[in-house]
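Please open the structure in your viewer and keep the selection tool at hand.

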Amino acid sequence: MPLGPLSSIDTTVSMRMPRVCVLMPTWNHAAFIERALDSLLAQSFTDWELIIVDDASPDNTAAVVAHRLIDDRIRYQRLNDNVGLGAALNIALDASRAPLVAYLPSDDVWYREHLEHLVAALDAAPRAALAIAGVRYRYNRHAHARIDGKPLQLVQCLHRRVPEHWIERGELVTDDLDRMYWNRVLAHGDAVETGIVSCEWVEHPDQLHRVLQEPEGGINTYRARFHVRHPLRFHATTGNYIDEVTQYAKARSRPDTPMASDGLKVLLVGELAYNADRVLALEELGHRLYGLWMDKPYWYNTVGPVPFGHVTDLPRDDWQRAVRKLAPDVIYAGLNWQAVPFAHEVRNTFPDIPFVWHFKEGPFICLEKGTWPRLMDLYRTADAQIFVSDEMRDWFDTVVPGSALSKPTLVLDGDLPKRDAFDTPFATRRLSHDDGELHTVVPGRPIGLHPPDVAALAAQGVHLHFYGDFTHAQWRGWIDKARALAPKHLHLHPHVDASRWVEEFSRYDAGWLHSFESRNHGDLRRADWDDLNLPARLSTLAAAGLPMLQRDNSEHRVATQSEGRAMGTSVFFDSVEEVGALLRDSVTERARDAVRTQRAYWTFDAHAARLIAFFRVAIAHAQACERLGTPRVA
């Protein structure tokens with residue numbers, strides 16, 4: 001990447017060639033960078049130059065470093081737009097001249113003899129390309145080379161200059177520095193270790209690897225933090241590979257749908273969770289979509305800029321003025337518990353704009369997190385409300401009595417996938433056709449299935465295929481126990497994204513919903529989340545045309561049970577020991593036929609027109625209340 005315009009506080013570059021160039025990428029580290037610079041200036045080895053690349057920090061980093069630029073060894077460049085770690089390092093690398101390259105991230109620290117030890121290690125090993133220092137981390141832990149289970153950190157490395165560059169955001173976003181660069185350096189020579197702890201990898205909540213790693217970080221956390229507008233190829237060390245470039249190429253390449261004559265301006269508020277591109281079904285009907293997103297999302301809280309396009313973001317820094325200027329016809333707010341505080345703020349700020357509240361997961365978490373009062377306010381003040389299931393609607397009627405009767409109400413799973421995920425052919429053969437045994441699938445956590453259950457299934461000739469490599473790491477103890485009991489009947493597979501649901505999962509005889517024994521006895525005040533929820537895997541299994549296995553909870557009110565019985569799509573069992581016989585019975589084939597006949601029901605597209613009609617009802621309700629002077633609060 002070419003060197004951009006230098007900051008006005010940049011100093012004249014000395015013509016003297018230093019031995020070591022120190023690269024310092026920085027973003028929003030005004031509170032840290034003075035400490036890092038002091039540790040460099042205190043080095044016993046002084047033959048260095050420093051290039052600071054400020055990746056469009058929103059803080060006052062420029063002012064903090066200004067007085068350091070009287071040292072002609074230090075250069076500073078501020079970028080106008082955030083480009084990501086790899087590109088920032090390449091800008092610094094291209095601007096550097098020294099034969100040796102070291103790294104001092106602006107939130108890390110070197111000890112006095114750090115550079116001296118690293119340079120000496122390379123000088124003593126002419127065939128080596130990379131020198132590695134020992135590092136202090138987590139305040140009081142030490143590693144004499146690589147931190148166990150982590151890639152080599154920038155702060156501990158010095159290498160000879162090589163022609164390769166760092167992987168940039170446009171190619172891959174990852175926290176795996178070995179993959180980003182160190183492996184390229186090591187193609188030119190060996191690594192040598194100083195064996196001396198001479199630097200500190202300072203840990204704090206805003207470190208880049210924490211922004212990248214699930215569960216609190218992830219692709220959406222990263223996108224929101226740096227306001228990335230293009231689709232990403234993303235692979236953190238704790239999650240699955242995500243290729244938004246391929247996944248959304250078709251959606252991004254098509255033009256916007258012309259606005260219908262009666263088209264609505266719909267302001268999406270909060271986050272879109274999984275299957276976020278479902279909202280395109282509304283745009284395809286001729287409505288305009290705008291986004292106003294919560295901040296600090298987790299990896300599964302999809303926020304804008306959305307990678308599939310066709311949604312116009314409102315600025316977060318002055319969103320009140322932007323909403324007034326837009327004057328949306330309706331605010332459509334949701335979806336999960338993390339969005340409650342911001343949705344509540346938007347509702348209170350714009351009480352006159354028709355507001356539809358769509359909540360999925362979950363009220364019990366709002367109790368735990370202390371956002372329950374705001375959740376209750378949303379139900380009381382929304383002009384219309386959408387519930388994931390009949391059971392959820394009726395449960396909320398015990399919490400905010402009468403709220404479901406006093407305003408428009410709809411039942412709709414807010415996280416259904418877009419129809420595109422269903423538009424591929426089924427597998428031509430099931431695995432059971434080849435080996436004569438039965439094969440079932442768990443697309444996610446095997447909730448409610450215990451290792452002895454896997455053994456009981458194996459005794460009936462029933463295999464369990466468990467998908468999700470990230471989930472495997474979380475369930476390692478369970479896997480080890482289940483494999484010890486049924487070594488030939490538990491199979492592990494990597495994550496499969498929506499584009500491959502049909503081809504991959506249609507090879508199986510049935511899929512598992514969450515397996516649990518309800519305890520509510522028909523009284524929803526006793527219900528827990530399993531009773532009320534329709535889990536995301538419902539639509540995954542429906543896409544593949546699979547009968548859905550779930551425990552028989554006939555004496556209780558359970559959302560998955562109500563849907564499975566009404567649509568004839570589930571196979572109900574009392575005990576795991578009878579699953580094999582049920583899968584061989586005609587009841588399973590009838591359930592398979594029912595799923596395949598009705599599978600479009602589990603796409604968001606099938607409900608898009610109904611949702612738009614509901615928005616119009618909500619708008620009319622709000623207008624009628626205003627005209628009649630009737631309170632819009634339940």
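Select R210, which counts as partly exposed because its relative accessibility is 34%; the classes are buried (under 20% relative accessible area), exposed (over 50%) and partly exposed (in between), computed with a 1.4 Å probe on protein chains only. The model is a predicted one, in which local features need pLDDT of at least 70, side-chain atom pairs count only at pLDDT 80 or more, and totals for chains, interfaces and linings use all residues. Residues are numbered from 1 along each chain as its sequence is written, and side-chain values use heavy atoms, with hydrogens and water left out.

E203 is buried, because its relative accessible area is 11%.

How many salt bridges does a search of the whole structure find? The count is 42. One of them joins E49 to R75, with the closest N and O atoms 3.4 Å apart. This pair links distant parts of the chain: E49 belongs to strand β2 (residues 48–54) and R75 to strand β3 (residues 74–78), 26 residues apart. Strands (E, at least two residues) and helices (H or I, at least four) are DSSP runs, numbered from the N terminus. Both E49 and R75 are buried.

Select D605 and R419 next. Their side chains form a salt bridge of 3.7 Å, N to O. D605 lies in helix α26 (residues 605–628), whereas R419 lies in the loop between β18 (409–411) and α16 (431–435), 186 residues apart. Salt bridges that share partners join R254, E283, E284, K418, R419, D420 and D605 into one network.

Move to S198, in strand β9 (residues 190–201). Is S198 buried or exposed? S198 is buried, because its relative accessible area is 3%. Its side chain makes a polar contact of 2.7 Å with the side chain of H114; such a contact is a pair of N or O atoms within 3.5 Å, where within protein one must be able to donate a hydrogen and the other to accept it, and residues adjacent in sequence count only if both atoms are side-chain atoms.

Select R537, in helix α22 (residues 537–543). R537 is buried yet has no salt bridge, and the nearest side chain of opposite charge, D530, is 9.3 Å away; here Lys and Arg count as positive and Asp and Glu as negative, while His and the chain ends are not counted. The side chain of R537 reaches the backbone oxygen of W512 at 3.1 Å.

The search of the whole structure finds 1 cavity of 30 Å³ or more. On a 1 Å grid over the protein atoms alone, a cavity is a set of points where a 1.4 Å probe fits but cannot get out, and a pocket is an open set with protein on both sides within 12 Å along at least five of seven lines; lining residues have an atom within 4 Å of a point. Grid points are joined across faces, edges and corners, and a volume is the space filled by probe spheres set on the points.

The largest cavity holds about 100 Å³ of space. Its lining has 15 residues, and the closest to its centre are E271, L272, R278, Y332 and G334. Then select T221, A224, R225, K296 and P297, which lie nearest the centre of the second largest pocket among its 32 lining residues. This second largest pocket contains about 920 Å³ of space.

Notes. A salt bridge is a side-chain nitrogen of Lys or Arg within 4 Å of a carboxyl oxygen of Asp or Glu.
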